[in-house]
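Please look over the sequence and the structure first.

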Amino acid sequence: MSDLVNRPDHYALDRKYEVIEVIEDSVQFAPDAISGGLQWQILKYVHRCWSKDATVQDLRKARWYLDRLILLLEDRNGSV
């Protein structure tokens, strides 16, 4: 039986690393909580895109968060 809270099927694949550990390691370098939160979502959706029946939907969600992060950084640093 799947544990939808602690280990949902789309996270419970036989992987070398737990996604939560990879994400936590990555976002620690974010300049602030908002940027780190957006990065967190991007990594989450990209990581699990092949594990669900909604691959394109998850990639679109990742893109939405990535676009938002890019806009945030452009606003802060001036457009590139």
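The points below cover a helix, a core, aromatic rings and salt bridges. The model is predicted. Its largest nonpolar core has 6 residues, and the elements that give two or more residues to this core are H2 and H3.

**Helix H3**

- Helix H3 covers residues 55-77 and helix H2 covers residues 33-48.
- H3 has 23 residues, which should span 33 Å at 1.5 Å a residue; the end C-alpha atoms are 33 Å apart, in agreement.
- The buried residues of H3 are Thr 55, Asp 58, Ala 62, Tyr 65 and Leu 69.
- An α-helix has 3.6 residues a turn, so residues three or four places apart point the same way.
- H2 is included in what covers the buried residues of H3.

**Nonpolar core**

- The largest core is made of Leu 38, Ile 42, Tyr 45, Ala 62, Tyr 65 and Leu 69.
- Tyr 45 is buried at 9% relative accessibility, and Tyr 65 is buried at 19%.
- Beyond neighbours within four places in sequence, Tyr 45 is in contact with Asp 58, Lys 61, Ala 62 and Tyr 65.

**Aromatic rings**

- There are 2 aromatic pairs.
- Tyr 45 and Tyr 65 are stacked, because their ring centres are 6.0 Å apart and their planes lie at 15°.
- Tyr 45 is in H2 and Tyr 65 in H3, so this pair ties together parts 20 residues apart in sequence.
- Trp 64 and Tyr 65 are edge-to-face, because their ring centres are 4.9 Å apart and their planes lie at 85°.
- One aromatic cluster is formed by Tyr 45, Trp 64 and Tyr 65.

**Salt bridges**

- The count of salt bridges is 3.
- Arg 76 and Asp 32 form a salt bridge, at 2.3 Å from N to O.
- Arg 76 is in H3 and Asp 32 in the loop between H1 and H2, so this pair ties together parts 44 residues apart in sequence.
- Arg 76 is partly exposed, at 41% relative accessible area, and Asp 32 is partly exposed, at 24%.
- Asp 58 bridges to Arg 48, with the closest N and O atoms 3.2 Å apart.
- Asp 58 lies in H3 and Arg 48 in H2, so this bridge ties together parts 10 residues apart in sequence.
- Asp 58 is buried at 0% relative accessibility, and Arg 48 is buried at 8%.
- Asp 58 also bridges to Lys 52, with the closest N and O atoms 3.7 Å apart; Lys 52 is partly exposed, at 26%.

How values were computed: Residues are numbered from 1 along each chain as its sequence is written. This is a predicted model: local features need pLDDT of at least 70, side-chain atom pairs count only at pLDDT 80 or more; totals for chains, interfaces and linings use all residues. Side-chain values use heavy atoms; hydrogens and water are left out. Rings of Phe, Tyr and Trp (its six-membered ring) pair if their centres lie within 6.5 Å; planes under 30 degrees apart count as stacked, over 60 as edge-to-face and the rest as tilted. Helices (H or I, at least four residues) and strands (E, at least two) are DSSP runs, numbered from the N terminus. Buried means under 20% relative accessible area, exposed over 50%, partly exposed in between (1.4 Å probe, protein chains only). The expected span of a helix is 1.5 Å times one less than its number of residues. Contact means heavy atoms within 4.5 Å. A nonpolar core is a set of buried Ala, Val, Leu, Ile, Met, Phe, Trp, Tyr and Cys residues joined through side-chain atoms within 4.5 Å. A salt bridge is a side-chain nitrogen of Lys or Arg within 4 Å of a carboxyl oxygen of Asp or Glu.
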